[in-house]
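This report covers contacts, packing, a charged pair and the surface. Please keep the model open while reading.

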Amino acid sequence: MPDISLTAVVLLCLAALAAGWIDAVVGGGGLLLLPALLLGLPSGTPAAHALGTNKAVAIVGTTGAAVTYARRAPVDVRTAVRIGLAALAGSSAGASLAAGMSTEVLKPVIMVVLLAVAAFAILRPAFGTVPATGPVTRRRILAAIGLAGLGIGFYDGLVGPGTGTFLVLALTALLHLDLVTASATAKIVNCCTNAGALATFAWQGAVLWQLAALMAVFNLAGGTLGAHTALKRGSGFVRVVLLTVVLALVANLAYEQWAA
C-alpha cells in the first residue's frame, strides 16, 4: 500500500461513510468516493488502483443496503437478478479496459456524467415521485437487461461514478418503478456490477486491500443508514437528495476545473 498520511486516511473514511449513505438513498456514491480516492492517494498512484479500491469499498456498502431494502421494499428479486447477471458481465468487460486509463481522463468524464444527471433531474421534476401507470411488458424487461444490465454495467466497470444513479433512472423509466423501489432494485444490480469489476481489478492486482477494508466499515454503516432513511422518508426525499448531491458535485468539479 502507498504511504498515506493519517489525515488522508481519516478523510477517506469519512468520504466512504457519506458515499455509502448517498449511494443507498439514490445511488451515485462513487461520485464522491472515487474523486476522494483520486485526491487522497499519493501522486503517481495508478488510476486503476483508485478504481479497484473504490469497488472493494463500494461492494460492502451496496450489499448492506441491498439486504436492508430487500427486507422492507417490494422488490422483484427475480427481475433484479436477471438484470444483475447481465450487469456482472458488462462490468467485467468494462473493468478489463480500465487498467490503462489515466486520472486526467477520468475527471472530465465524471464532470460530463454529473451534468447529464443534473439536467435530467431539473427538467423532469416529477420523475419517480410516483410509479408510472401501464404494464411492464417483456420488451421493457429485456430493455432493462440490455440498458441497465449490460450497458450501465459496462460503464460501471470502465469508470464507475454515477452508476447507482443511472440505474435508478433507467429502472424507474423502463420498469415503471417509484424512486424508492428503483433504488432497492438498483442495489441488487449494483452488487453484481461491483462484483464483476472487483474480480477483474483484483486479478490485475489493482486493489489496496488494507485501505479498502478500513473504508468499507464506514461505507457499510453509511449504506445501511441510508437505506433506512430512504424507506422512511419516501420518493420525494430521494429526489431532493439526488438533485442536491448532483448540483453540489457539479459545482465542486467546475471550481476545480476552471477556478482553482
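## Contacts of Leu171

Leu171 touches Ile83, Ala148, His176, Leu177, Ala182, Thr185 and Ala186, leaving aside residues up to four places away in sequence. Contact here means heavy atoms within 4.5 Å. This is a predicted model: local features need pLDDT of at least 70, side-chain atom pairs count only at pLDDT 80 or more, and totals for chains, interfaces and linings use all residues. Residues are numbered from 1 along each chain as its sequence is written, and side-chain values use heavy atoms, with hydrogens and water left out.

## Nonpolar cores

The largest nonpolar core has 40 residues. Such a core is a set of buried Ala, Val, Leu, Ile, Met, Phe, Trp, Tyr and Cys residues joined through side-chain atoms within 4.5 Å. Buried means under 20% relative accessible area, exposed over 50%, and partly exposed in between (1.4 Å probe, protein chains only). Leu171 is among the residues with the most contacts inside this core, as are Val25, Tyr69, Ile83, Ala148, Leu175 and Val238.

Helices 1, 3, 4 (77-98), 6, 7 (163-175), 8 (179-203), 9 and 10 (235-259) each give two or more residues to this core. Helix 8 gives the most, with eight residues. Helices are DSSP runs (H or I, at least four residues), numbered from the N terminus. A second, separate core holds 35 residues, including Leu51, Ala56, Ala98 and Leu158.

## Helix 7

Helix 7 is mostly covered, with eleven of its 13 residues buried. Among them are Thr163, Gly164, Leu167 and Leu174. Just after helix 7, His176 takes a positive phi of about 60°.

## The salt bridge

The structure holds one salt bridge. The side chains of Asp156 and Lys55 form it (2.4 Å, N to O). Asp156 lies in helix 6 (residues 138-158) and Lys55 in helix 3 (residues 47-72), so the pair ties together parts 101 residues apart in sequence. The cut-off is a side-chain nitrogen of Lys or Arg within 4 Å of a carboxyl oxygen of Asp or Glu. Both Asp156 and Lys55 are buried.

## Nonpolar surface patch

Leu6, Val10, Leu11, Leu14, Leu17, Leu214, Val217 and Phe218 make a nonpolar surface patch of about 730 Å². Patch residues have over 30% relative accessible area and no salt bridge; like charges are joined within 9 Å, nonpolar side chains (Val, Leu, Ile, Met, Phe, Trp, Tyr) within 5 Å. Areas come from the Shrake-Rupley method with a 1.4 Å probe; for residues, only the protein chains shown count as cover.

Helix 1 (6-26) and helix 9 (209-233) each supply at least two patch residues. Helix 1 gives the most, with five. Phe218 sits in helix 9. At 31% relative accessibility, Phe218 counts as partly exposed.
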